[in-house]
Amino acid sequence: MLDTIHPTAMGLNGIPEWFIRIAAAAFARPVTHLFNLSLNSSVVPSQWKASRITPIAKTAQSATCHDYRPISITPILSRLMEKELVRSFLYPILLSPDFSHSFCDQFAFRPTGSTTSALVFLLHQITSLLQHNDYVHLIALDFTKAFDTIRHHYMISKMCTYALPDCFHNWLVDYLSSRTHQTTISENKSTFLPITEYNTRFRTWTSVLYF
């Protein structure tokens, strides 16, 4: 996993991806121990809970704060562990006979899902209905900042209904608590502020937030 890290932005710890990739042979054993220790103890290192927010302009002429998209970046090692946990614990739920019916029409945040898959499925449904109907109504809803306003306690309670190890469930609880962020623009940096339940903007854990 360390050998195949793609070029990506580094977090507040200042460790770039190229350094981890080059030294993967030396880092593999201690990083594995760190990941296992974090999961088994259900404790997320505090450094991994601090994110750096970089405002990215959404328009050519940005004048207000609403014209910027806040990109939250966590440390690379944190993202690697998150990806591995999603692959090991959450993806199997999508294929489990006990829960697969709940995700049969989900295309986002799964290994073989994509926007293209969703469009193909939607087009197939519409054309199939048009074979027996004169017209078809299509209603599309877009929830503004859906991931930013989810209630953490509700999400955790939903996760309890799935066959997940207790250590992973407790790890999620710790992951979502006591998080901080810092906004950086060029050389200017803000003070660290806590991330509350109602202004969360995670970049890498949308797989969990979807549930």
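Modeller: Two strands pair if DSSP finds at least two bridges between them. The model shown is predicted.

Biologist: What makes E1 and E2 a pair of strands?

Modeller: At least two bridges are required, and E1 and E2 (residues 68–73) are joined in the antiparallel sense over six bridges. E1 also pairs with E3 (residues 180–185), in the parallel sense over four bridges; there, Ala50 has Thr180 as its bridge partner.

Biologist: Why is Ser51 called buried?

Modeller: Buried means under 20% relative accessible area. Ser51 has 2% relative accessibility, and therefore counts as buried. This residue lies in strand E1 (residues 50–57).

Biologist: What makes the approach of the Ser51 and Ser72 side chains a polar contact?

Modeller: The cut-off for such a pair of N or O atoms is 3.5 Å, and the side chains of Ser51 and Ser72 make their contact at 3.2 Å. Ser51 also touches other residues, including Leu12, His181 and Ile195.

Biologist: Why is the pair of Phe35 and Trp48 called edge-to-face?

Modeller: Ring centres must lie within 6.5 Å, and planes over 60 degrees apart count as edge-to-face. The centres of the Phe35 and Trp48 rings are 5.9 Å apart and their planes stand at 80 degrees, so the pair is edge-to-face. Phe35 belongs to helix H2 (residues 24–41), whereas Trp48 is in the loop between H2 and E1.

Biologist: How do you know that Trp48 is buried?

Modeller: The limit is again under 20%; Trp48 has 5% relative accessibility and therefore counts as buried.

Conventions: Residues are numbered from 1 along each chain as its sequence is written. This is a predicted model: local features need pLDDT of at least 70, side-chain atom pairs count only at pLDDT 80 or more; totals for chains, interfaces and linings use all residues. Side-chain values use heavy atoms; hydrogens and water are left out. Helices (H or I, at least four residues) and strands (E, at least two) are DSSP runs, numbered from the N terminus. Buried means under 20% relative accessible area, exposed over 50%, partly exposed in between (1.4 Å probe, protein chains only). A polar contact is a pair of N or O atoms within 3.5 Å; within protein, one must be able to donate a hydrogen and the other to accept it, and residues adjacent in sequence count only if both atoms are side-chain atoms. Contact means heavy atoms within 4.5 Å. Rings of Phe, Tyr and Trp (its six-membered ring) pair if their centres lie within 6.5 Å; planes under 30 degrees apart count as stacked, over 60 as edge-to-face and the rest as tilted. Lists of a residue's contacts leave out its neighbours within four places in sequence.
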